[in-house]
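Thank you all for making time this morning.

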Amino acid sequence: MFKEKFKEGIITAKDFTRDDIDYILNRAQEMIRNDINSQLLSNKILATLFFEPSTRTRLSFESSMHRLGGSVIGFHKGDVSSTTKGESLADTIRTVENYSDGIVIRHNLEGAAKLAAKFSRIPIINAGSGSGEHPTQALLDLLTITQEGQKLDGMNIGIMGDLKYGRTVHSLTILLSNYDANIYLISPNELMLRNRDKDFLQKRQVKYKEITQYRKILDVLDVLYMTRIQKERIPDVEEYDKVKSFYVFRKDDLNNTKDNFKLMHPLPRITEISPEVDSSPKAIYFKQTYYGIPMRKAILAELLSD
Amino acid sequence: MFKEKFKEGIITAKDFTRDDIDYILNRAQEMIRNDINSQLLSNKILATLFFEPSTRTRLSFESSMHRLGGSVIGFHKGDVSSTTKGESLADTIRTVENYSDGIVIRHNLEGAAKLAAKFSRIPIINAGSGSGEHPTQALLDLLTITQEGQKLDGMNIGIMGDLKYGRTVHSLTILLSNYDANIYLISPNELMLRNRDKDFLQKRQVKYKEITQYRKILDVLDVLYMTRIQKERIPDVEEYDKVKSFYVFRKDDLNNTKDNFKLMHPLPRITEISPEVDSSPKAIYFKQTYYGIPMRKAILAELLSD
Amino acid sequence: MFKEKFKEGIITAKDFTRDDIDYILNRAQEMIRNDINSQLLSNKILATLFFEPSTRTRLSFESSMHRLGGSVIGFHKGDVSSTTKGESLADTIRTVENYSDGIVIRHNLEGAAKLAAKFSRIPIINAGSGSGEHPTQALLDLLTITQEGQKLDGMNIGIMGDLKYGRTVHSLTILLSNYDANIYLISPNELMLRNRDKDFLQKRQVKYKEITQYRKILDVLDVLYMTRIQKERIPDVEEYDKVKSFYVFRKDDLNNTKDNFKLMHPLPRITEISPEVDSSPKAIYFKQTYYGIPMRKAILAELLSD
């Protein structure tokens, strides 16, 4: 059972089988159909610990918690919290677990969520750990894809941008390895998926192809999932300047896409999608933010309800 | 109807007719008379997006929302939010509208609230946009004036301090243009009301007079509305130093005022009102903060209730 | 009656008689026995004003308030609040008292909470004022001691670390002056309890002894209460470097302690307790964070309920 299996929380997309994904997609779809605020978590407190900046993910979790009647405590970077006094993450977790019923954590280090789970008696939800993973974003991406008329099996999906540092991309490819999708990994040479990530896809016999230009395959794609270049994780400013404008998706590009083509982006976007694209029904990146609520409501309801 | 007219939110004081003002003043007075916490907005979420620092306005809105049973999400400067990743305001709004039922925004740029409203399906409330406007402050100021025994029609009001950059002043003069008030605009030459703002007053045939010294007209005033010099908006430090102590209202000044005279200030004050004035019943600037709650409860109730 | 006596808030441990302490300990124990969320404060708002960084204390108060059904507003350093515009603490308090039903304040200046109480009509809770006091921490410490099998009367307690700047220590020794405890004050010479604090203990005829080494008396202690060196309050970096690793409690030390010995720490800890100690049942510093909730629920229930 989902609740039992994930009682320590949601740390990595690797823990998800196809059944697990189907289950939580169903729960999220229920949340959409039955879109009323509930009091399911009215006696629960969620802690949101954001050691890295975030608008979207933090507010999405906090809104979802409120929609379920729950309360929120937490801190987010910019706040100068106790960690400035030199406290370890383990100590912070062993403190906050006494104040709340679940912890959402974003951290600049890759192993942070896993470490937190090791020290916590309450569920930990990984909301982004360095350039590692961001599993709940990938879950809401799958919800978006299925709700917006695409099928995960058989789909041709391009995943484009910063495949090296983009944690969203990592969780998404891992989740997709449970389905029979054709994946085009599109990136500048400097920002290709790392070997360890490709090894994982190969072991799971995922059909993927690495290319640097998207225009030549645009007409075969059902979904193009774009990502921002992760400026804050690229060690060298010059390296960033070289790749920052490598891709700019323009309105003209839409002409070469299938009728049912969908353009996605986890946001924030910088310059990689031209604003003139926003008004197209094929552009569904703002809908993605909408789907974040039912997915996170489903996750919180599963993990925190009695 | 107010709710219908302002369904996109409260962006500028210019949208308010005398009827609109009377209506919302009445609603706020109901909130005062019937000062119990309600559950009117118990299934609603307010987002407070403060791109500029604020204590008063943000906490006032958040308290008002809680007093109506609602929840709050948001960020405020000092928080390093996603906007540090270079996201546009339009994208932020199109995200947060999926997480909440109304957005309160403060921003350093003048057109920010208007732009936000353009992109939002949910109501936007302008909580201060650069040196432009701050309409809900002006509404609570009118509530304060009427509750504290003054009449808007026929009133002699001095508005003093930074009339160039003070957004509160701009919204207040605009609202007052609906009434038959005599306005004394009192400021150093460097900080006079800008021409565009004076043009508006002239078009509306407002009776105003510009002067630099308040003492000579103190005895005719029913209300003196003081403001802080907007240090953060004055480009030149030397210019600020020149005007920062231009006005200091002292206890002695009270001797030259009418019995029913009221001294107001949107706060924070720096040195422009001497603390010895605080204890006078003529000083009602802390009462202003009190009136912020019923006014904002009225506004939130109108805009967010089903 | 407690509620009546502390209607202005909790400012200093000096206000507490033995009866007051017993009363609030009892209330906290009720909260533990009857550990369900209530709606006791469902129509109340708590303001948390943190002018200094905090994770533990702020989240502990906020969690406690939510567990009682209440709402929270506030700011915390890192936030650039209105105080950057130069507002006085008195003005901030006279504003926030109009937005809330109680104020928790942490401030870098010693007299801040007392000053706040002077200007406030609603209860003020001192959550740490400079190197002065932190009374609610000391109350939860006493709760921890009694709940974990020690007796306040007759207890041998070592209080060790930064006795000069550690506000927690100050409130703890003051509370203990109501009991017949033997206190060992253990610190480097540079960080001994200040004379004014020792004068207080002498006046109350507290049995205390000042030493610099803990190992020689470890076997007689029932409780050792360690504290972090308050880096941010030591004026000179070199002075800090000299004392920062003066004490490191190691696993071996446990061998020389009584069976019922308890090691406490208000947290955060830096290096003064080795992590290998954490797993010992004698180490109860994470339990202290747990006891923070029932104690603060008790305090909030007393001060804010109708």
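Let me begin with a definition, since I shall be speaking of paired strands: two strands pair if DSSP finds at least two bridges between them. The helices (H or I, at least four residues) and strands (E, at least two) that I name are DSSP runs, numbered from the N terminus.

Please keep in mind that this is a predicted model, in which local features need pLDDT of at least 70 and side-chain atom pairs count only at pLDDT 80 or more, while totals for chains, interfaces and linings use all residues. Residues are numbered from 1 along each chain as its sequence is written, and chains are lettered from A and ligands numbered from 1 in the order in which they are written.

I will take chain A as a whole to start. Its secondary structure comes to 11 helices and 10 strands. The radius of gyration of chain A is 19 Å, close to the 19 Å that the globule rule gives for 306 residues, so chain A is as compact as a globular protein of that length; the radius is taken over C-alpha atoms, and the rule is 2.2 Å times the number of residues to the power 0.38. Along the principal axes, the C-alpha atoms of chain A fill a box of roughly 55 × 45 × 40 Å. Of the 306 residues in chain A, 54% are buried, where buried means that 20 or more other C-beta atoms, placed from the backbone, lie within 10 Å of the residue's own, exposed means 12 or fewer, and partly exposed is in between.

Now to the strands of chain C. Strand β7 (residues 182-186) of chain C has 4 of its 5 residues buried, so it is largely enclosed by the rest of the structure. What joins β7(C) to strand β6 (residues 156-160) of chain C? There are 5 bridges between these two strands, which run parallel, and I157(C) has I183(C) in β7(C) as its bridge partner. Strand β8 (residues 207-211) of chain C is likewise joined to β7(C) by 5 bridges, again in parallel, with I186(C) partnered by I211(C) in β8(C).

Turning to chain B, 12 of the 12 residues of helix α3 (residues 56-67) are buried, so α3(B) is largely enclosed by the rest of the structure. Among those buried residues are R56(B), E62(B) and H66(B). Just after α3(B), G69(B) takes a positive phi of about 85°.

Finally, some backbone details. Most residues other than glycine have a negative phi, and most peptide bonds are trans. Q205(A), though not a glycine, has a positive phi of about 60°, and it sits in the loop between α8 (195-203) and β8 (207-211) of chain A. Is Q205(A) buried or exposed? With 8 C-beta neighbours inside 10 Å, Q205(A) counts as exposed. A cis peptide bond, with omega about -5°, joins L267(A) and P268(A), and P268(A) is found in the loop between β10 (262-264) and α11 (285-304) of chain A.
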